[in-house]
Structure formats: structure tokens, C-alpha cells
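Subject: Structure handover

Hello,

Here is the structure I said I would pass on to you. My notes on it follow below.

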Amino acid sequence: MNNELVKKLDEVFSTYVRLRDSDCSGYVRCYCCGYPVHWKLAQNGHFMNRRHLGTRFDERNCHSCCAVCNMGLNGNLDAYEAHLKRDYGETIIDKLTMLKNTVTKFTDHELKDMIEHYQGEVKRLRKEKGL
């Protein structure tokens, strides 16, 4: 697996998540604590650690967070879990855990396809939201 492609996908996917979660003024509410943060200053918080490729690019596992929750509180996982269950149902933690524990490998072609997909989504969201 090409680490440069993973790095590029990380960047475009993070931009996508933060834009997805933003309003038309460019602000997101931290998924854990609700604090308002401009999308460019927010972080892409992962419920299941990003070292697990099975959930690293799963949109349900990734939400905009403030730096305090994401870094200072190590993800503020209790609040994150409560919000995941509210948004996706009680079984989401089991589903993400199963995906986390699945051996996942991406081909360079798959990584390039995901990069292209999320670049298109970023372009669409920027236009749609005027950002």
C-alpha cells in the first residue's frame, strides 16, 4: 500500500468531513462537546483510532471535533459514543468494532478512486455552501 496515497487520502477525506459537518458560514459544532469551530480549525475526529484501516475512512466513524476534545481529551470518547448511538443507532459501536478488527488493505487503484471521489465531494460542498 502506497503511504503517499494514504496521506493524500487522509488530507482530502479530512477536508471532506469538516466541510460536510459545516454550516454555510463555515462553522462546525464539535461532535463531542458542541463547541463552534471554523471548519479550517476543526479536526477530523475518529471514534475508532485511525490506525485501523477498516474504519479510518468510514464516514460514520469520522466527525468534526475541536482540538480540546480530539487531542486534549483523547477523543472525548464517552460523548462521541453517545452521539454515535443517537445518530446511527445502538448497534453502531458493534458495527465499527467489527470493521476495526477486519484486516483491510487497499490497492493503489482503490486509494486513487477514493481520493478522486472525495476531491469531487469537497468541490461540491465548497460550491454548495459557498466556502
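**Leu 5 and its helix**

Leu 5 is found in helix α1. Please keep in mind throughout that this is a predicted model. With a relative accessible area of 12%, Leu 5 falls under the 20% limit and is therefore buried. Apart from its neighbours within four places in sequence, Leu 5 is in contact with Asp 108, Leu 111, Lys 112 and Ile 115.

The length of α1 can be checked against its residue count. At 1.5 Å a residue, its 18 residues should span 26 Å, and the end C-alpha atoms are 25 Å apart, which agrees. The buried residues of α1 are Leu 5, Val 6, Leu 9, Asp 10, Val 12, Phe 13, Ser 14, Thr 15, Tyr 16, Val 17, Arg 18 and Leu 19. They pack against β1 (27-29), β3, α2 (53-56), β4 and α6.

**α1 against α6**

Helix α1 covers residues 3-20 and helix α6 residues 108-129; they pack at an angle of about 30°, with their axes 9 Å apart. Angles under 35 degrees count as roughly parallel, so α1 is roughly parallel to α6. The crossing of α1 past α6 is left-handed.

**Helix α4**

Which residues of α4 are buried? They are Ala 79, Tyr 80, His 83 and Leu 84. These residues cover an arc of only 135° around the axis, which puts them on the same side of α4. An α-helix has 3.6 residues a turn, so residues three or four places apart point the same way. The face turned away from the buried side of α4 carries the exposed residues Asp 78 and Arg 86.

Part of the cover over the buried residues of α4 comes from β3 (43-46), β4 (62-65) and α5 (92-100). As for length, the twelve residues of α4 (residues 77-88) should span 16 Å at 1.5 Å a residue, and its end C-alpha atoms are 16 Å apart, which agrees. Just after α4, Gly 89 takes a positive phi of about 100°.

How do α4 and α5 lie, and at what angle do they pack? The angle is about 105°, with their axes 9 Å apart. The two helices are therefore roughly perpendicular to each other. Glu 81, Leu 84, Lys 85 and Tyr 88 of α4 make the contact with Ile 92, Ile 93 and Leu 96 of α5.

**Asn 70**

One more residue to look at is Asn 70, which has its place in helix α3 (residues 67-72). Is Asn 70 buried or exposed? Its relative accessible area is 18%, under the 20% limit, so Asn 70 is buried. Not counting residues up to four places away in sequence, Asn 70 touches Gln 43, Asn 44, Gly 45, His 46, Cys 65 and Gly 75. The C-alpha atoms of Asn 70 and Tyr 31, 39 residues apart along the chain, are separated by 9.8 Å.

Regards

Methods. Residues numbered from 1 in each chain as written. Predicted model: local features only at pLDDT ≥ 70, side-chain atom pairs only at ≥ 80, totals over all residues. Heavy atoms only, no water. Helix = DSSP H or I, 4+ residues; strand = E, 2+ residues; numbered from the N terminus. Expected span 1.5 Å × (residues − 1). Buried < 20%, exposed > 50% of the residue type's maximum accessible area, 1.4 Å probe, protein only. Arc of directions from axis to C-beta. Contact = heavy atoms within 4.5 Å. Axes fitted to C-alpha atoms, helices over the stretch in contact; angles between N-to-C directions. Parallel < 35°, antiparallel > 145°, perpendicular 65-115°, else oblique. Left-handed = near helix turned anticlockwise from the far one by under 90°.
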